[in-house]
There are 2 protein chains.
Amino acid sequence: MSDQIKFLLSEDQMPKAWYNLAADLPVPLPAVLHPGTLQPVGPDDLAPLFPMALIQQEVSTERYIDIPEPVRQIFRQWRPAPLYRARRLEQALGTPAKIYYKYEGVSPAGSHKPNTAIPQAWFNREAGIRKLTTETGAGQWGTSLSFAGALFGIEVQVFQVRVSYDQKPYRRAVMETYGAQCVASPSNLTQSGRAILAQRPDHPGSLGIAISEAVELAAQREDTKYALGSVLNHVLLHQTIIGEEAIAQLEMAGDDPDVVVGCTGGGSNFAGIAFPFLGLQLRGGASAKKRRIVAVEPAACPSLTRGRYAYDFGDTAHLTPLTKMHTLGSTFTPPGFHAGGLRYHGMAPMVSHLKELGLIEATAYHQNACFEAGVTFARAEGIVPAPEANHAVKGAIEEALRCKREGRSEVILFNLCGHGHFDMQAYSDYFAGKLQDLNYDESELAMALAGLPSVPA
Amino acid sequence: MSDQIKFLLSEDQMPKAWYNLAADLPVPLPAVLHPGTLQPVGPDDLAPLFPMALIQQEVSTERYIDIPEPVRQIFRQWRPAPLYRARRLEQALGTPAKIYYKYEGVSPAGSHKPNTAIPQAWFNREAGIRKLTTETGAGQWGTSLSFAGALFGIEVQVFQVRVSYDQKPYRRAVMETYGAQCVASPSNLTQSGRAILAQRPDHPGSLGIAISEAVELAAQREDTKYALGSVLNHVLLHQTIIGEEAIAQLEMAGDDPDVVVGCTGGGSNFAGIAFPFLGLQLRGGASAKKRRIVAVEPAACPSLTRGRYAYDFGDTAHLTPLTKMHTLGSTFTPPGFHAGGLRYHGMAPMVSHLKELGLIEATAYHQNACFEAGVTFARAEGIVPAPEANHAVKGAIEEALRCKREGRSEVILFNLCGHGHFDMQAYSDYFAGKLQDLNYDESELAMALAGLPSVPA
């Protein structure tokens, strides 16, 4: 059908395995280092925080890792997720390009995050864990882990970055609806939180601080583990179901993308859409189609475009291992722009590695331009994107307008990782002209970079 | 598959026609009366407000009315909508009943309302109309018409009941994202609004008042018409796509409902799920399966359970025709409970007629009980229902618990007409113990009923 806009897979076609890009990397990932010894960590070092099944996924080089059937059973509620051809957006832009988007907002939590929250909760329950702690920015991850916790009877405690906790009270209400406990970070519940509050009682928080708090609590109890919503290899792995489905759906559509676009905060939704396509290229050898893979990040927190590729901590209190990544420095506090899910000082080590290898591109936009793109998208396609997703929308629209200038009918695929229903205050502010294109503090960045740990080569 | 939870139709199986219950009614609907002459109205009397195609649907007794292909093309973005088996809810309740729910929150606007917003906007555009006015309560209808307006390039002006306008600012932000204009009602923009404000400047508004304002503006201009989100026959007709799909999906599931449950404000989502099943029964004659059809309404605005079956106006300023319906009186102002979409003084004439004929049941619940049911549902099924939909959830859970007491494994179907993403303040209030089980003012009801127009038999 020539006017088809939706490409759906049957439940039988839902991927049965996650794709592990580590199996096909031309150069292996740099080692992860112990925060005390600076020596490479082994699985046992991570055991206080994660169940062994997830640690094994973290270090695995197997190409495919089976998705447990009970996890697939839950996924069936909303997966396979739809792939859409954005015909009305193409028309509105007057572009000869074909624009496709994979829509992850169909999950009950409204984003791609349940793709990893469900398996993380399941593997933890299999290991006998009764409580999970975590951090959240805008709240999409906290919402998703709360949802997963409700399904498996696991208690969930969420540390939400204070600026988002204050900006988005309705996300908290959703977490509470799922039965989770949500506290603003920095909090008085942890040593790391109290140390920050002692210095600055009105600290707006950051993902780095919230991670410190969640990790600190999890390490104290046998029956409690920690869950991370992005950055780690096993989290990126779980998100590859997005790209695996998209490959099959574009095949149905009879198209093959020239450009794949995703937004990047910690890197997980970007990895989800991009890694399976990268895998095709890496396995295909010299004859494989080379697609442009574009990461879009906020100009106010530009780890990939302005950060340093260096060993750094994942958190502010330096409780986590060190990974080599593009980082703005673990003490860097991004300004309070609305895409709270993208306010992280570092980038997933695997995404950073790809950038260093020249396998992906990165670009950065300010928030007003992203909201403008999101409104254009909403008026054409009906779906109101999350502020994070607006970065991908902006990236895709820029590519489509380039195609228009160049008279090319390229195929553009982007990941619409979530809807913006809980972010309407940001849209209100945008319409009222109250959104500022916030810039980070250059001297704070310089200081944070100067404070990077020194690691022997 | 014994553990199947999702029942999806292919796009080809999307209904090609709406089902018109008027064709199968054992007793025809009472006539609609002109507000001036009290004589039955003809199509021309309605022409200032609606395009002729919709007026014809309003009075049609054809059993099936074709859904235009351009409307179906837009529906393809999210329809056919999923039918779910609520296995985890069944387990949580420990009921032997099977619970199914049709989920209409998958539309970009988040509710069933686009089912009629899209065709209404399309038929208006076909008639050359450039602007639509309408009313909205919680905002689901206003959002949906704004969405439809964006798709067809029709200007949309929404009068939102002030109590909801204040309670739910994010719904307004969505309407603005779609490019619509949203004003609080009563407003200063109309004579009807100004008259109310003169009496009571802090009037909380009502759907009846908002309708008056929207109708007043639409009647003033050739290129402007009025769109109603519920109550009218053609609106209920458009919603029958819900039940038509559900019949096919339950056939896939190998089940046939014993009880069909929907929430009722104006009656449209209830009609959508119920009428096709009623049609099966009415056409089947004496041998047809008799299903219980249960309408659930708010105890604070109980038109079906406490209203009078009488001729009344649809609006407060008495600009609309008179219809025979269950009504609390057009001057009745319901208290400001959270299910704003159910705060209407009257009930759809066709739903009222069915109640009089004994073909449906009605019951009413207070809001705390409904939110409790909604939280139980969310923790089991992951989807956070709209406050309106919580009434249907409550009704279905009550039926499931009855089955548990009676040891019956009946099949229960309910319509989950929308998600609650824009209603999280209500959930916050519920958790904080701040939600009151509001009661209407008995003397106000008595006065409103005493003021019903007297119509010669």
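## Where the two chains meet

In this predicted model, 41 residues of chain B are in contact with 42 residues of chain A, where contact means heavy atoms within 4.5 Å. Together the two chains bury about 3800 Å², with 55% of that on carbon and sulfur atoms. Buried area here is the accessible area (1.4 Å probe) that two parts lose on being put together, summed over both. Three residues, B:Gln77, B:Tyr170 and B:Thr177, supply 20% of the area that chain B buries against chain A, more than any other three residues.

What about polar links? Between chain B and chain A there are 23 residue pairs in polar contact, both residues at pLDDT 80 or more. A polar contact is a pair of N or O atoms within 3.5 Å; within protein, one must be able to donate a hydrogen and the other to accept it, and residues adjacent in sequence count only if both atoms are side-chain atoms. Zero salt bridges are found across this interface, a salt bridge being a side-chain nitrogen of Lys or Arg within 4 Å of a carboxyl oxygen of Asp or Glu. Several helices of chain B each supply at least two residues of the side that touches chain A, including helix H8 (169-177) and helix H17 (424-431). Helices (H or I, at least four residues) and strands (E, at least two) are DSSP runs, numbered from the N terminus.

## How the copies are related

A rotation of 180 degrees, with 0.0 Å of shift along its axis, superposes chain B on chain A with an RMSD of 0.0 Å. That is the relation of a two-fold axis. In chain B, the C-alpha nearest the axis belongs to B:His421, 3.0 Å from it. The superposition is by least squares on the C-alpha atoms of residues with pLDDT of at least 70 in both copies.

Because 100% of the interface residues of chain B are also interface residues in chain A, the copies meet through the same surface.

Start with A:Gln57, in helix H2 (residues 52-59) of chain A. A:Gln57 is buried, with a relative accessible area of 6%; buried means under 20%, exposed over 50%, and partly exposed in between (1.4 Å probe, protein chains only). Its side chain makes a polar contact of 2.8 Å with the side chain of A:His238. Leaving aside neighbours within four places in sequence, the contacts of A:Gln57 also include A:Trp18 and A:Phe123.

Next comes B:His338, in the loop between strand S13 (322-327) and helix H14 (349-356) of chain B. B:His338 is buried at 7% relative accessible area, and a polar contact of 3.5 Å joins its side chain to that of B:Asp429. Finally, B:Leu93 lies in helix H4 (residues 87-93) of chain B and counts as buried at 10% relative accessibility. Among its contacts beyond four places in sequence are B:Ile99, B:Thr376 and B:Leu401.

## Confidence and conventions

Chain A has a mean pLDDT of 95, and 100% of its residues reach 70 or more; pLDDT is the predictor's confidence in each residue, from 0 to 100. The model scores ipTM 0.95 and pTM 0.96.

Residues are numbered from 1 along each chain as its sequence is written, while chains are lettered from A and ligands numbered from 1 in the order in which they are written. Local features need pLDDT of at least 70, side-chain atom pairs count only at pLDDT 80 or more, and totals for chains, interfaces and linings use all residues, while side-chain values use heavy atoms, with hydrogens and water left out.
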